[in-house]
Amino acid sequence: MMLSDTARQKIQDVRKLYPSARGALLPALYIAQREHGWLSPEAFRAVSRELRIPEATVRGVASFYAMFHKAPVGRNVIQLCTNVACMIMGAESLVDLISKTFDVQPGGTSPDGRFSLIIMECIGACGTAPAMLVNTDFHENLTAGNILDILERYK
Amino acid sequence: MEKALLANIENPRSREAAFYVEKGGYESLKKALEMEPKDIIEMVKKAGLRGRGGAGFPTGMKWMFASGDPKFPKYLVCNADEGEPGTFKDRPILERNPHLLIEGMAISGHALKAEYGYIYLRGEYPEAKDILDAAIREAEEKGYVGDNMMGSGKKFRLVVHQGAGAYICGEETALIESLEGKKGQPRIKPPFPVNVGAWGMPTIVNNVETLSNLPLLIRVGPEAYAQIGTPECPGPKLFCVSGHVKNPGVLELPMGTSLKEIIFDHCGGMKNGKKLKAVIPGGISTPVLPPDKIDCPMDFVNMPKHGSMLGSGAVIVMDESVCLVKVCYRAIKFFEHESCGKCTPCKEGVIWLRKILGRIEHGEGREGDVDLLVQVAANMSGRTFCPLGEGAASVVQNFVKHFREEFVEHISRKGCPLP
Ligand SMILES: Cc1cc2nc3c(=O)[nH]c(=O)nc-3n(C[C@H](O)[C@H](O)[C@H](O)COP(=O)(O)O)c2cc1C
Ligand code: SF4
Ligand code: FES
């Protein structure tokens, strides 16, 4: 899986926004991740080549950050918060409900590849807890009554 | 009090530059560009503005240190990492009032002679990334920022840099490492970022809310600004309230508003007629308070006198149905997940705390476990490289201090006594 020309161009554009090539590493990893949904060994190699940063460094940095996926993920990524404000408003029962309904364990992907489920620390929606991000969409004030309808919209 | 930080955010046009300008936006930047940088810094000092990111450091003093350093270029970095659990106060500014932040940063850029500003935005706010990018583009097109700010000949360029899910990157030196494309692990201080920051250059890191205070401060002047809030901590403050209150949400109130008033007046009191059991007043790292200790003014100076901290102004309200051992356990799991691994007292301490709390919560607690918890926390305290580890220790110490019986009961009854 090589990077597309558009992605490579985007990396070169973002490179100009920083005084060092290294500064552009996180944005470049995001660009690469958007191409295939995760960061494959080829993606690491391509980013390394684009920015002229050693591949081991690229890999090492990516490993530090929770939002870079080092393994394939499902077509839709559910990021559900279970931190304190969400927990006291019932987030844990939602984890069980999602797991059962879509056959996906926290940290895993459903066998049909439709959903990955990631347990999050606070996502900044504590006043409307419990909350989750599905891909890049916020969904707040979740209940056992509304969460499945919301998820059904993601195919 | 008329809203300054959350002004007009309910309006569907609140993100548009034209709307922002209709409401008097970018006037303060215009005024600031006619002033000498050092006079603006003087104004900020006189107004008594303190950083809203958690530590409450006087902003004017930080700016003076940075501007006193002869090295150039200087970088202005906006801390929009907002990772402290319970905190969602910067999000309405980022998503609904982006030009307020841009104007605040442009004023700061001029005052600090920084031509480059980075907004370090947490990865969990993808919508804010698009909104900020669009707002910056619009502000550049209209000439408010860019190579010739409002015709002044001054340059200020802004870039949004996305974090990728690491709480420690909210700490300013870890943030700088991350901005430079490295793992977000804190640096030793000194040297402080104001002298040696991003790419070795003087770097000013300020929170979103801090920078968003600048347009108001310039508009009304330091004297009028200092009239808002408390004498030691002036200005408006955003409080974000979550948990078992009738009306949770983000409130803009004068600094120093009492915690009790926030919960019972501004948020309508407890939900479903239940009793208040505990409050975490400033984000999960700040000491928990029992109900009889909440009559305290929420500012950086008064909260420590009342046994806690203002932190990020993130109030988490818990009613009688909540198991505090479970809350403490969940909080420590968070610290375990986010510990950056740089220093042993934190890296290993949080694992031990989590293990002990886990067995207490799961009904396998042993006699002496409560004292063991306190002992592990005490051994971490004062020995960690950065405040994250200190925060973890203090969470345990304060939960046990105020709610010891609940921990003891879990052990003696082999599990949670609550239904
Ligand atoms: C573990 C840790 C996490 C932090 N997270 C944030 C954060 O998310 N946002 C923030 O503005 N400050 C955060 N801070 C505080 C910053 O280090 C720094 O003090 C602040 O950004 C300075 O800006 P201010 O003076 O405007 O408050 C954090 C500090 C620590 C130790
Ligand atoms: S206290 Fe924790 S987060 Fe801070 S440097 Fe040490 S290991 Fe890292
Ligand atoms: S605790 Fe869940 S969004 Fe903040």
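User: Happy to look at this with you. How many salt bridges does the rule find across the interface of chain A and chain B?

Analyst: In this predicted model, the rule picks out three salt bridges across the interface of chain A and chain B.

User: Why is the meeting of B:Arg330 and A:Glu121 called a salt bridge?

Analyst: The side chains of B:Arg330 and A:Glu121 come to 3.0 Å, N to O. The rule asks for a side-chain nitrogen of Lys or Arg within 4 Å of a carboxyl oxygen of Asp or Glu, so the pair qualifies.

User: How much do the two chains bury between them, and on which atoms?

Analyst: Chain A and chain B bury about 3500 Å², with 63% of that on carbon and sulfur atoms. Why quote an area at all? Because the size of an interface is often given as the accessible area lost when the parts come together.

User: What makes a residue part of the contact, and how many does each chain give?

Analyst: A residue belongs if its heavy atoms come within 4.5 Å of the other chain. By that test, 38 residues from chain A and 54 residues from chain B take part. Polar contacts are counted separately: 18 residue pairs between chain A and chain B, both residues at pLDDT 80 or more.

User: Which helices of chain A supply the side that touches chain B?

Analyst: Helix H2 (25-36), helix H4 (55-64) and helix H5 (84-87) each supply at least two residues. H2(A) provides the largest share, five residues. By class, that side of chain A has 25 nonpolar, eight polar and five charged residues.

User: What lines the largest cavity?

Analyst: Its lining includes B:Ile168, B:Lys342, B:Phe385 and B:Leu388, along with cysteines such as B:Cys340 and B:Cys343. The lining divides into seven nonpolar, four polar and one charged. Lys counts as charged, so B:Lys342 is that charged residue.

User: And how do you know that the lining of the second largest cavity draws on chain A and chain B?

Analyst: The names show it: A:Cys81, A:Cys122 and A:Cys126 are among the lining residues, and so are B:Pro85, B:Gly86 and B:Ile316. H5(A) gives the most, with three residues. The classes come to eight nonpolar, two polar and no charged residues.

How values were computed
Residues are numbered from 1 along each chain as its sequence is written. Chains are lettered from A and ligands numbered from 1 in the order in which they are written. This is a predicted model: local features need pLDDT of at least 70, side-chain atom pairs count only at pLDDT 80 or more; totals for chains, interfaces and linings use all residues. Side-chain values use heavy atoms; hydrogens and water are left out. Buried area is the accessible area (1.4 Å probe) that two parts lose on being put together, summed over both. A polar contact is a pair of N or O atoms within 3.5 Å; within protein, one must be able to donate a hydrogen and the other to accept it, and residues adjacent in sequence count only if both atoms are side-chain atoms. Helices (H or I, at least four residues) and strands (E, at least two) are DSSP runs, numbered from the N terminus. On a 1 Å grid over the protein atoms alone, a cavity is a set of points where a 1.4 Å probe fits but cannot get out, and a pocket is an open set with protein on both sides within 12 Å along at least five of seven lines; lining residues have an atom within 4 Å of a point.
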